[in-house]
Amino acid sequence: MRQFYRAVLLDDDYRLIGYVEPGARLEEHAWIGDHSVQGIERLLAVPARVVWARRQLGEENLYAAAASVAALRPPEHGCTGRYIVNHDQLGYVDKAAAVERAGRRRTHPLPILTAEGGAEPHALAGAWARDRISVGDTVPDGFELWKFDVAELHQFQ
């Protein structure tokens with residue numbers, strides 16, 4: 001069964017701003033260079049609360065609730081930053097450190113770190129869900145580097 005996801009953006013008070021439909025299974029779009037994920041990154045030039053919400057049949061959740069607001073149209077062009085910064089946990093991930101695994105694409109940390117609603121097989125899956133996230137080329141002073149190692153990453157459900 002295909003698991004559908006929406007990248008949902010929330011304001012500081014956890015109210016819905018909008019959503020983007022990046023694709024079905026995480027493994028189909030959670031890679032560096034994916035056009036949809038890059039568009040979402042461009043929306044995060046300023047911090048916003050982010051959740052990669054999974055559709056769960058028969059349940060009212062953030063995926064379903066997001067349909068009550070307008071879909072966002074991410075910018076198609078422009079630069080994306082090197083760092084994914086978590087302003088709530090004072091941490092960041094360096095996308096340049098993502099390595100290709102077994103001849104596959106480099107896994108993008110943003111969808112995995114902010115995934116909610118499933119059992120994604122990674123120790124950090126969902127660790128940043130609903131936190132204020134931005135993407136840029138600089139890291140604020142005092143923020144700690146989080147190691148995002150996908151070596152143990154298995155196929156997503």
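Predicted model: local features only at pLDDT ≥ 70, side-chain atom pairs only at ≥ 80, totals over all residues.
Visitor: Where does Gly-39 lie, and what is its relative accessible area?

Guide: Gly-39 belongs to helix H2, which covers residues 35–43, and its relative accessible area is 2%. Buried means under 20% relative accessible area, and Gly-39 is therefore counted as buried.

Visitor: With which residues is Gly-39 in contact, leaving aside its neighbours within four places in sequence?

Guide: Once those neighbours are set aside, Gly-39 is in contact with Pro-74 and Pro-75.

Visitor: Which residue caps the N-terminal end of H2?

Guide: That residue is Asp-34, which places a side-chain oxygen 3.1 Å from the backbone nitrogen of Ser-36.

Visitor: What does the secondary structure of the protein chain come to as a whole?

Guide: The protein chain has four helices and eight strands, and, read from the N terminus on, its elements run β-β-α-α-β-α-β-β-α-β-β-β. The chain has 157 residues, of which 46% count as buried, and it exposes about 8000 Å², with carbon and sulfur atoms supplying 49% of that area. Among contacts between residues at least 6 apart in sequence, 72% join residues at least 24 apart.

Visitor: How many residues of strand S1 are buried?

Guide: Strand S1, residues 5–10, is mostly covered, with six of its six residues buried.

Visitor: Over which ring does the charged end of Arg-6 sit?

Guide: The charged end of Arg-6 sits over the ring of Tyr-19, at 4.6 Å from its centre, and Arg-6 also lies over the face of Tyr-63, at 4.2 Å from the ring centre.

Visitor: To which strands do bridges join S4?

Guide: Strand S4 is joined by four bridges to strand S5, residues 91–94, and the two run antiparallel; four bridges also join S4 to strand S7, residues 132–136, again running antiparallel. Tyr-83 illustrates both pairings, as it stands opposite Asp-94 in S5 and opposite Gly-136 in S7. Both faces of S4, residues 83–86, are covered, with Tyr-83 and Val-85 buried on one side and Ile-84 and Asn-86 buried on the other. In the hairpin of S4 and S5, four residues lie between the strands, and Leu-90 takes a positive phi near 55°.

Visitor: How many aromatic pairs does the count come to, and how is such a pair described?

Guide: A pair of aromatic rings is described by the distance of the centres and the angle of the planes. The count here comes to two aromatic pairs. Tyr-83 and Tyr-92 form an edge-to-face pair, 5.6 Å centre to centre and with 85° between the planes. Tyr-83 is buried at a relative accessible area of 16%, and Tyr-92 counts as buried at 15%. Trp-128 and Trp-146 also form an edge-to-face pair, 5.2 Å centre to centre and with 75° between the planes. Trp-128 lies in the loop between strand S6 and S7, and Trp-146 in the segment after strand S8, so this pair ties together parts that are 18 residues apart in sequence. Trp-128 is buried, with a relative accessible area of 0%.

Visitor: With which side chain does the side chain of Ser-134 make a polar contact?

Guide: The side chain of Ser-134 makes a polar contact with that of His-87, at 2.7 Å. Ser-134 has its place in strand S7 and counts as buried at 9% relative accessibility. Not counting residues up to four places away in sequence, Ser-134 touches several residues, including Leu-44, Val-46, Pro-47 and Tyr-83.

Note on methods
Residues numbered from 1 in each chain as written. Heavy atoms only, no water. Buried < 20%, exposed > 50% of the residue type's maximum accessible area, 1.4 Å probe, protein only. Contact = heavy atoms within 4.5 Å. Areas by Shrake-Rupley, 256 points an atom, 1.4 Å probe, with all protein chains shown as cover. Pairing = 2+ DSSP bridges. Phe/Tyr/Trp six-rings, centres within 6.5 Å; stacked < 30°, edge-to-face > 60°. Lys NZ or Arg CZ within 6 Å of the ring centre and 35° of its normal. Polar contact = N/O pair within 3.5 Å; in protein donor to acceptor, adjacent residues only side chain to side chain.
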